[in-house]
Amino acid sequence: VPQDANPDRAAVIVRMEPALHLKGDPARGAAITARLCLSCHYLQGRGQRVGPDLSSTGTRPADQLLTDILDPNRQVAPDYAAYEIRRVTGEPVIGMISSETATRLTVRAPGSPDLSVARAEIQEIHSTGRSLMPEGLEQGLTPQDLAHLLAFLRVPDASLLPP
């Protein structure tokens with residue numbers, strides 16, 4: 001998780017907007033995707049199924065992709081909203097609800113196996129209204145790096161991902 005992310009996400013977008021006018025190299029973008037995105041996102045047989053599948057990102061305009069990357073909380077699809085669950089033991093669980101039944105919830109979070117929680121163990125549950133995707137992923141990236149990332153995401157091809 002990035003440290004000290006600039007809370008002014010609109011300013012970050014303005015600072016990185018030049019990426020929209022630079023030519024990107026999809027192969028370099030694939031390397032950035034592998035490093036920053038596949039721990040949570042899935043693409044053509046690679047990665048994890050925490051966030052949305054990246055296979056269809058090519059249908060989104062580049063400026064929208066840039067905003068989605070730099071300000072992940074601006075527009076959160078209900079299926080990907082983070083939930084905070086407080087167990088009767090007081091232990092918190094944070095993640096997205098990947099499935100639920102009358103008696104159990106299954107919670108998915110990056111870097112850990114799915115957790116099944118009995119509803120009887122739950123004291124409180126609420127949506128955070130935020131994405132699990134952290135703000136600040138742009139730290140250490142230049143507008144040119146983002147141009148590479150966008151070039152890859154506009155035509156995602158898992159064969160370009162490093163082994």
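Is Arg119 buried, exposed or partly exposed? Arg119 is partly exposed, at a relative accessible area of 33%; buried means under 20%, exposed over 50%, and partly exposed in between (1.4 Å probe, protein chains only).

1. This is a predicted model, in which local features need pLDDT of at least 70, side-chain atom pairs count only at pLDDT 80 or more, and totals for chains, interfaces and linings use all residues. Residues are numbered from 1 along each chain as its sequence is written, and side-chain values use heavy atoms, with hydrogens and water left out.

2. The chain has 4 helices and 7 strands, in the order α-α-β-β-α-β-β-β-β-β-α from the N terminus. Helices (H or I, at least four residues) and strands (E, at least two) are DSSP runs, numbered from the N terminus. Of the 163 residues, 36% count as buried.

3. The structure holds 9 salt bridges, each a side-chain nitrogen of Lys or Arg within 4 Å of a carboxyl oxygen of Asp or Glu. One of them joins Glu100 and Arg119 (2.6 Å, N to O). Glu100 lies in strand S4 (residues 92-100) and Arg119 in the loop between strand S6 (115-118) and S7, 19 residues apart.

4. Arg9 and Glu138 also form a salt bridge (2.7 Å, N to O). This pair links helix H1 (residues 9-16), which holds Arg9, to the loop between strand S7 (122-131) and helix H4 (143-154), which holds Glu138, 129 residues apart. Arg9 is buried at 4% relative accessible area, and Glu138 is buried at 4% relative accessibility.

5. A network of salt bridges links Arg87, Glu91 and Glu121.
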